Amino acid sequence: MAMFPIRNADPMICSIEKETIMTTILRIDASARPGPAQATGEQASFSRTLADAVQQGLIAHHGAQVTFKRDLATDPLPAIADATIRGFYTPAEAMDDGLRAATALSDSLIAEMEAADILLISTPMYNFAVPAALKAWIDQIMRINRTFAYESGQFSGLLKGKRAYVTYSYGAGGYGDGGPMQSFDFMRPYLTMILNFIGIENVTSFAVEATTADADTVDAAMVAAIAGIERHCADAGAV
Ligand SMILES: Cc1cc2nc3c(=O)[nH]c(=O)nc-3n(C[C@H](O)[C@H](O)[C@H](O)COP(=O)(O)O)c2cc1C
């Protein structure tokens, strides 16, 4: 039992404690479409809209903050090059200026992940897999001795103590458990495995399927998906 009532606590100490325990989110979007539909007539990105709901839920219920955002569609990342790969496999003490420059982007992207408690990724299915924009990010952050290690014949993830939320959108339906399209889903199992591989075991995903169906069907699917997200975020275990 507390010796002193909380209301007597020094407000400065409370605010320091609050800052110290703030949950930070790194948000990464991959759809080529922009966010919620605008007056300009662009079609909304369903995966981004679901991620907005996760973000709002984590902020509203847990005081989390988005500390970094990466839009892989508007700011695409370059594919890794020969020098990038050589830099990945060169020990720090043997790096020259050229290799340091070739791996500087990877360094920044990994630092963004290391600084975040939560990764919030939104992605559509393109041709049964993640979009090339997201694959370019994956190729930059999968890095030996930085995000994973290989010792004594074993791989191990190095980004421990984090969790991930991923929102997915699929144009067709039937990708869920036991569905007729499940075996064609090279997106969700792949991305979950990538996150697990680098040490992020706690991965929660939300999906909307059949986004190319008629408007009423899509609206109902989005309402149901967002309700599920809100229920999840309201739970104390969401962060
Ligand atoms: C280039 C491209 C490829 C696509 N490939 C698939 C596919 O393989 N399977 C599928 O179910 N939907 C596919 N779709 C449909 C998208 O997954 C669907 O429109 C989704 O809602 C897009 O996500 P967004 O709304 O966040 O942009 C594809 C769409 C595009 C533009």
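**Close-up views of a predicted model**

**View 1. Contacts of A164.** Setting aside neighbours within four places in sequence, A164 is in contact with I118, L119, I121, L195, I200 and V203. The structure shown is a predicted model. A164 also belongs to the largest nonpolar core, where A164 is one of the residues that touch the most other members.

**View 2. The largest nonpolar core.** This core holds 41 residues. Those touching the most other members are L50, V54, I118, L119, L120 and A164. Several elements give two or more residues each: the strands β1 (24-29), β3 (118-124), β6 (163-169) and β7 (202-208), and the helices α2 (46-62), α6 (132-141), α7 (188-197) and α8 (215-234). Helix α2 gives the most, with 6 residues. Nonpolar side chains tend to be buried together in soluble globular proteins.

**View 3. Helix α5 against helix α6.** Helix α5 spans residues 104-115. The axes of α5 and α6 come within 8 Å. They cross at roughly 95 degrees. Angles of 65 to 115 degrees count as roughly perpendicular, so α5 is roughly perpendicular to α6. From α5, the residues L105, S106, L109, I110 and M113 take part in the meeting. From α6, their partners are W137, Q140 and I141. Sorted by class, this contact has 6 nonpolar and 2 polar residues, and no charged ones.

**View 4. The shell around the ligand.** The ligand is surrounded by 17 residues. S45, S47, P124, G171 and T211 are the closest. Helix α2 supplies the largest share of the shell, 3 residues. By class, the shell has 7 nonpolar, 8 polar and 2 charged residues.

**View 5. F128, a residue with positive phi.** F128 sits in the loop between β3 and α6. Its phi is near 70 degrees. That is a positive value in a residue other than glycine. Around F128, 14 other C-beta atoms lie within 10 Å. A residue is buried at 20 or more such atoms and exposed at 12 or fewer, so F128 is partly exposed.

Technical notes:
Residues are numbered from 1 along each chain as its sequence is written. This is a predicted model: local features need pLDDT of at least 70, side-chain atom pairs count only at pLDDT 80 or more; totals for chains, interfaces and linings use all residues. A nonpolar core is a set of buried Ala, Val, Leu, Ile, Met, Phe, Trp, Tyr and Cys residues joined through C-beta atoms within 7 Å. Helices (H or I, at least four residues) and strands (E, at least two) are DSSP runs, numbered from the N terminus. Two residues are in contact if their C-beta atoms, placed from the backbone, lie within 7 Å. Axes are lines fitted to C-alpha atoms, for helices over the stretch in contact, and angles run from 0 to 180 degrees between N-to-C directions. Angles under 35 degrees count as roughly parallel, over 145 as roughly antiparallel, 65 to 115 as roughly perpendicular and the rest as oblique. Ala, Val, Leu, Ile, Met, Phe, Trp, Tyr, Cys and Pro count as nonpolar, Asp, Glu, Lys and Arg as charged, and the others, Gly among them, as polar. A residue is near a molecule or strand if its C-beta atom, placed from the backbone, lies within 6 Å of it.
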